Amino acid sequence: MSSNPSKVEFNIPAKYSDLSSLEERLQQFITRHIQYCDDQSQYDISLAMHEICTNIIDHAYGPNQIGEIEISFSLCHNPFGLEIELIDNGRSFEFDSIIAPDLNEPQVRGYGLFLVKQLMDEVTYSTCDTHNKWLLTKFLPLHTSVD
Amino acid sequence: MTKITEYSFRVTTIAPTGRIDAFNAPDLRAEIHALLDDGVVRLIIDLQKVTFCDSAAMAVLVSALKRARQANGDVKLVWPIEKTARRIFTLTKFDRVFDMTDSASDALAAFGG
């Protein structure tokens, strides 16, 4: 746990079966630290985080690599919002090479990162020799922190 | 995930409940494709009791739609009751690609049942 009371850090196994518990942790953080976050915003944040995790499981680690996802929830200010950081030690990719899906032609793949960009206000991806880092930010309208 | 399958007017309805995500989407895909393998081409996927869909769920729906339409059939979707779960369908414009209704009976009527 972080010494910052409005920041929570933890690791989860990079497995599909662990993702629903991750969403419960997000809900707990929001309930504890954010006075107002409507149901749709909470759902959108949860879905975006879920999509990044499945991307990490599918592409950064792939089917033959066991790994972990390092996650943190924190508050940002000016403007107020929620930041989610997700770090993996798998393969990196060219974030800018992702092509948006043709929404007039339904396709089986390619919606995940498109959704993340639609659901969050800011999405950044960076990579270095040892890890890849996603930072998702959602700005929230009413901004009284409970703590 | 509990599913109910009903047969009426040669239209098959499948009604998943709860979450459809990367963890359990393969199960739903297998169930739908088993129906398509059995010759079902007019399918209603009733999502009223679904509370969460991710892109893996979208992939299952698209694959069902493509297979059904290749066989001159169609897939109609029933909107989730929970408004939060509807957002992914509008963002991806699935509400334009699929014929979406508010109830299974409306979907059945759209098939001419």
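Contact, throughout these legends, means heavy atoms within 4.5 Å. The model shown is predicted, so that local features need pLDDT of at least 70 and side-chain atom pairs count only at pLDDT 80 or more, while totals for chains, interfaces and linings use all residues. Residues are numbered from 1 along each chain as its sequence is written, chains are lettered from A in the order in which they are written, and side-chain values use heavy atoms, with hydrogens and water left out.

View 1. Leaving aside residues up to four places away in sequence, B:Thr90 touches B:Trp79 and B:Asp95. A polar atom of the B:Thr90 side chain lies 2.8 Å from the backbone oxygen of B:Arg87. With 39% relative accessibility, B:Thr90 counts as partly exposed, a class that falls between buried (under 20% relative accessible area) and exposed (over 50%), computed with a 1.4 Å probe on protein chains only.

**View 2. The interface of chain A and chain B.** Here 23 residues of chain A are in contact with 25 residues of chain B. The buried area, which is the accessible area (1.4 Å probe) that two parts lose on being put together, summed over both, is about 2,100 Å², and carbon and sulfur atoms give 67% of this area. The rule finds 2 salt bridges across the interface, a salt bridge being a side-chain nitrogen of Lys or Arg within 4 Å of a carboxyl oxygen of Asp or Glu. In a salt bridge, the side chain of B:Arg87 meets that of A:Asp44 at 2.7 Å, N to O. On the side of chain A that touches chain B, helix H1 (19-33), helix H2 (39-61) and helix H3 (112-119) of chain A each supply at least two residues, and H2(A) gives the most, with 9 residues.

**View 3. Cysteines A:Cys37 and B:Cys53.** A disulfide is a pair of cysteine sulfur atoms within 2.5 Å, and by this rule the count over all chains comes to 0. A:Cys37 is in no disulfide, and the nearest cysteine sulfur, that of A:Cys76, is 12 Å away. A:Cys37 counts as buried because its relative accessibility is 13%. For B:Cys53, the closest cysteine sulfur is in A:Cys53, and at 18 Å this is too far for a bond. B:Cys53 is also buried, with a relative accessible area of 1%.

Notes: Helices (H or I, at least four residues) and strands (E, at least two) are DSSP runs, numbered from the N terminus. A polar contact is a pair of N or O atoms within 3.5 Å; within protein, one must be able to donate a hydrogen and the other to accept it, and residues adjacent in sequence count only if both atoms are side-chain atoms.
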